[in-house]
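Please look over the chain shown below and its ligand before reading on. The briefing takes up the strands first, then the ligand shell, and then the helices.

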Amino acid sequence: MLKGKRILLVVSGGIAAFKVPDLIRRLAERGVSVRCAMTKAAEQFVTPLTLAALSGEKVSADLFSLTDEAEMGHIELSRDADLVVVAPATANILARMAQGLADDMATTLLLATDKPVLVAPAMNVRMWHHPATQRNIEQLKADGVAFIGPNEGEMACGEYGPGRMAEPLEIVAAIEMQFGKPLPRHLTLVQPRPANNGVAPLKQDLKGKRAIVTSGPTHEPIDPVRYIANRSSGKQGHAIAAALAARGADVTLVTGPVSLPDPAGVKTVHVEAARDMFSACFLDLPVDIFVAAAAVADWRVAVEAPQKMKKSGDLPPVLKLAENPDILRAISTTDAKRRPALVVGFAAETENVVAHAQKKLGSKGCDWILANDVSEGTQTFGGDSNAVHLVTANAVEDWPRMSKSEVAARLAERIAAAFNDQSKKNLKKGS
Ligand code: CTP
């Protein structure tokens, strides 16, 4: 997966820099070529010679080095890699990145690059919790920078908490994720507004509101052992259920078959087929919020075979399909007494994403649509990140690619804001 990739590794000055040689080794084992750039402070923790020896490449440190610039200019260097990784990323370099400063080689490369950037923060726990650092992280996430870690644990300074740099193999997993491999389940990208382990507890601004979220695929039986399905993992729907619950909503998650744990603090109803999902949703009405994130199968087999279908020796069987009920449309157009105040659908598209979503908003009768591109290569289905457009009657908002939990947190925040506005008209406008 990583063979032949080129990584520009920016090393800033924290004690965790001692893990960088191991990170370079792990990447080299996987056929990655690494080129390092260091801040002046980083040289206090690991020598340029060590990094040069391990990477087999010159280490860039001096912005004004005539020899370096003659070989490869810093602009060229910043774009030569497939990915830029900052490890360790100190509070200081994060602040400089968030400000767009370019006052040494490392930050100049980071400002000049047009490649994706992944950072592995490492700092004292209080520095991590400081509102200024959290503000910078929010800004960098909004700019599309990905984060791995920090981990929680004992720090070099003797304090305990989040701030330890992710382990080299965890950083390797996050790098693989940048190239399309799903992140192992035990690792998470840092959330700007985490559900329960956050710096500041989330406002309980959805307390008293009830929500239903659908998630995952549905399995449409052909016979007792076979079914029609799709590749939905349920990650997005589950994250939305958790994010709404984290803001105090009373959430029912109606999920098709997935291999995810039930989210904490959420009532989870497990179903198989679209018709079961339909019934489970209607059973839980009335609610204030309905979010349809499930990839419901559009068709089922018209007549399910009661016994396993056998090869008869002649022609293969022809499956006659029947259309499944459209849960989102049914909920959107149900009687006013039961219709949720806010109905949010998804649109999974492979082309003309926004145009199709705008059409779907009308045809489904929902209030908002989150449109995502699920074409091959986007890794949206089954992956850990998503790039969505929030389509409302009046506007289209393009959200940058972010983790599915971040999409969920942002959606929950928008939903809470819309409810706090109190006006149903505003809910529909998406303002
Ligand atoms: N949906 C639903 N019930 C269905 C089909 C879809 O509730 N039987 C919901 C999905 O959960 C999603 C939205 O409708 O919120 C759009 O789903 P999508 O698969 O993008 O569109 P379809 O309605 O299936 O239309 P098409 O396949 O033609 O794009």
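**Briefing on the predicted model**

Within strand E13, Phe290 is the bridge partner of Ile212. The model is a predicted one, in which local features need pLDDT of at least 70 and side-chain atom pairs count only at pLDDT 80 or more, while totals for chains, interfaces and linings use all residues. Residue numbers start from 1 along each chain as its sequence is written. The protein chain has 15 helices and 21 strands, where helices (H or I, at least four residues) and strands (E, at least two) are DSSP runs numbered from the N terminus. Of its 431 residues, 45% are buried, a residue being buried if 20 or more other C-beta atoms, placed from the backbone, lie within 10 Å of its own, exposed if 12 or fewer, and partly exposed in between.

**Strand E13 and its partners**

- Strand E8 (residues 210-215) is joined to E13 by four bridges, and the two run parallel; strands count as paired if DSSP finds at least two bridges between them.
- E13 also pairs with E16 in the parallel sense, over four bridges, and there Ala292 stands opposite Gly345 in E16.
- Both faces of E13 (residues 289-292) are covered, with Ile289 and Val291 buried on one side and Phe290 and Ala292 buried on the other.

**The ligand shell**

- Among the 15 residues around the ligand, those that come nearest are Ala292, Val296, Ile327, Leu328 and Gly345, with a residue taken as near if its C-beta atom, placed from the backbone, lies within 6 Å of the molecule.
- Helix H12 (327-332) and strand E16 (342-349) are the elements that give two or more residues to this shell, and E16 provides the largest share, four residues.
- By class the shell has nine nonpolar, three polar and three charged residues, with Ala, Val, Leu, Ile, Met, Phe, Trp, Tyr, Cys and Pro counted as nonpolar, Asp, Glu, Lys and Arg as charged, and the others, Gly among them, as polar.

**Arg300**

- Arg300, found in strand E14 (residues 299-301), counts as buried because it has 23 C-beta neighbours inside 10 Å.
- Leaving aside neighbours within four places in sequence, Arg300 is in contact with Glu220, Ala273, Ala274, Leu321, Ala322 and Asn324, contact meaning that the C-beta atoms of two residues, placed from the backbone, lie within 7 Å.
- The C-alpha atoms of Arg300 and Ala274 are separated by 8.4 Å, although these residues are 26 residues apart along the chain.

- An open sheet of five strands, with parallel pairing, has the order E2-E1-E3-E4-E5, and its edge strands, E2 (33-38) and E5 (146-147), each pair on one side only.
- E3 and E4 run parallel and are joined by four bridges, with Val119 in E4 as the bridge partner of Val86.
- Helix H1 (residues 20-29) and helix H2 (residues 48-55) pack at an angle of about 10 degrees, with their axes 9 Å apart, and are therefore roughly parallel to each other.
- In that contact, Val20, Pro21, Ile24 and Arg25 of H1 meet Thr50, Leu51, Leu54 and Ser55 of H2.

**Helix H5**

- The buried residues of H5 (residues 91-99) are Ala91, Ile93, Leu94, Arg96, Met97 and Ala98, and their cover includes strand E3 (83-89), helix H6 (105-112), strand E4 (117-121), helix H7 (125-129) and helix H8 (131-142).
- H5 is followed by Gly100, whose phi is positive, near 75 degrees.

Conventions. Axes fitted to C-alpha atoms, helices over the stretch in contact; angles between N-to-C directions. Parallel < 35°, antiparallel > 145°, perpendicular 65-115°, else oblique.
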